[in-house]
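Here is a short tour of one model, written for someone who likes to know the cut-offs behind each term. Have the viewer open and follow along.

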Amino acid sequence: MSVFEDYNTTCASYDNQRQPLGADIVVEMLRLNIKKQLKDVHILDAGCGTGNYSKALIEYGVGKVTLMDASSGMLEQTKKKLVNAIENNIVTDVVQNKLPKIPFGNGTFDAVLFSLVLHHLNPRSDGLNDEERPFKELEQTIAEARRVLRNDGVLIIIAQSEDDIRNNWYCQINNDITKKFVTKFASCKQYQDIFDRTGFQCIQKLRLLGTILDDHLNLDGPFQKAWRECDSYWACATDEELNDVMQTLKSLKNKGELDDWVIEHDKVNSHGILTMFLCK
Ligand SMILES: C[S@@+](CC[C@H](N)C(=O)[O-])C[C@H]1O[C@@H](n2cnc3c(N)ncnc32)[C@H](O)[C@@H]1O
């Protein structure tokens with residue numbers, strides 16, 4: 001399970017907002033890097049959530065998908081969404097499992113996708129203090145991906161850098177929340193070191209502009225529980241910090257400055273929201 005978000009609760013509202021930004025790029029990465037037709041490619045969507053990326057990949061023609069997540073609630077939503085693909089054996093397996101372990105044999109998959117899941121692993125190790133984050137579970141997870149991939153298989157990671165997070169307008173209101181949230185994400189350098197140690201070669205790094213939330217610019221969003229539940233950022237906020245966010249927004253609104261403040265601060269469309277890695 002996530003170390004900080006209860007997905008068995010948030011699964012009810014997660015799909016109100018989320019969109020699979022970059023699924024088209026994932027498909028092209030598969031097409032260009034796996035020497036098979038898309039219909040024969042078998043991908044593991046690890047931390048699949050409600051299956052938004054898998055749904056898009058199947059619509060683009062990926063022929064075989066295995067879905068895996070730690071949350072039974074998220075998997076129930078996935079099964080409803082992908083009922084046809086399950087009936088047609090495009091979805092070959094739906095497995096409840098907690099990373100770092102991946103319960104499949106060596107060389108099972110052509111591709112492994114980790115989309116916005118790796119920051120839910122414990123960044124620390126037992127016995128270390130809060131400042132020490134060796135991302136041991138992340139490294140174990142990437143090593144497991146190496147094991148379950150065929151020799152010529154590809155690893156695709158959709159993650160966020162600290163910059164991606166700070167480009168978001170609502171992550172610039174209370175720095176205490178943002179400071180806690182960013183500690184959960186490995187840096188590009190830390191990813192690179194882990195790829196080197198686990199036998200991967202990173203052949204492409206991309207930054208994606210745009211948003212993962214349909215209603216990204218809902219300026220009342222932080223006041224709405226269902227809106228907040230679509231981004232685990234808010235799971236890092238104490239009641240006091242959440243209250244501070246609301247007071248700041250109210251104050252800007254009362255002064256008639258909120259729209260301009262958001263336009264000035266939101267940089268997801270110019271500087272980026274997601275970082276993708278492609279490894280072989
Ligand atoms: C932000 S959601 C991302 C879902 C989906 N990949 C997407 O991009 O829409 C994070 C997902 O990771 C799952 N998760 C968190 N920790 C996990 C773990 N240790 N093992 C497997 N899944 C985990 C959660 O249950 C949740 O469904």
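## The ligand shell

The ligand is surrounded by 21 residues, and the closest are G49, A70, S71, L99 and H120. By class, the shell has 10 nonpolar, eight polar and three charged residues. Ala, Val, Leu, Ile, Met, Phe, Trp, Tyr, Cys and Pro count as nonpolar, Asp, Glu, Lys and Arg as charged, and the others, Gly among them, as polar.

Two notes on the model itself. It is a predicted model, in which local features need pLDDT of at least 70 and side-chain atom pairs count only at pLDDT 80 or more, while totals for chains, interfaces and linings use all residues. Residues are numbered from 1 along each chain as its sequence is written.

## A cis peptide bond

L99, one of the closest residues to the ligand, is also worth a look for its backbone. The peptide bond from L99 to P100 is cis, with omega near 15 degrees. P100 sits in the loop between β3 (91–96) and β4 (109–115). Helices (H or I, at least four residues) and strands (E, at least two) are DSSP runs, numbered from the N terminus.

## Two positive phi angles

N89 is not a glycine, yet its phi is positive, at about 60 degrees. N89 belongs to the loop between α5 (83–87) and β3. Is N89 buried or exposed? N89 counts as exposed because it has 9 C-beta neighbours inside 10 Å; the cut-offs are 20 or more other C-beta atoms within 10 Å for buried, 12 or fewer for exposed, and in between for partly exposed, with C-beta atoms placed from the backbone.

F135, a residue other than glycine, has a positive phi near 50 degrees. F135 is found in the loop between β4 and α6. F135 counts as buried, because 24 C-beta neighbours lie inside 10 Å.

## Helices α2 and α3

Two packed helices are described by the angle between their axes and the distance between the axes. For helix α2 (residues 23–33) and α3, the angle is about 55 degrees and the axes are 9 Å apart. Axes are lines fitted to C-alpha atoms, for helices over the stretch in contact, and angles run from 0 to 180 degrees between N-to-C directions. The pair is therefore oblique, as angles under 35 degrees count as roughly parallel, over 145 as roughly antiparallel, 65 to 115 as roughly perpendicular and the rest as oblique. A23, V26 and V27 of α2 make the contact with Y53, A56 and L57 of α3, where contact puts C-beta atoms, placed from the backbone, within 7 Å. These residues divide into six nonpolar, no polar and no charged.

N52 lies in helix α3 (residues 52–59). N52 is buried, because 22 other C-beta atoms lie within 10 Å. Leaving aside neighbours within four places in sequence, N52 is in contact with R18, Q19 and P20.

## Helices α6 and α9

Helix α6 (residues 136–148) and helix α9 (residues 188–198) pack at about 45 degrees, with axes 10 Å apart; α6 and α9 are therefore oblique to each other. Which residues meet in this pair? On the α6 side they are L138, E139, I142, A143 and R146, and on the α9 side I194, R197 and T198. By class, this contact has four nonpolar, one polar and three charged residues.

Technical notes: Two residues are in contact if their C-beta atoms, placed from the backbone, lie within 7 Å. A residue is near a molecule or strand if its C-beta atom, placed from the backbone, lies within 6 Å of it.
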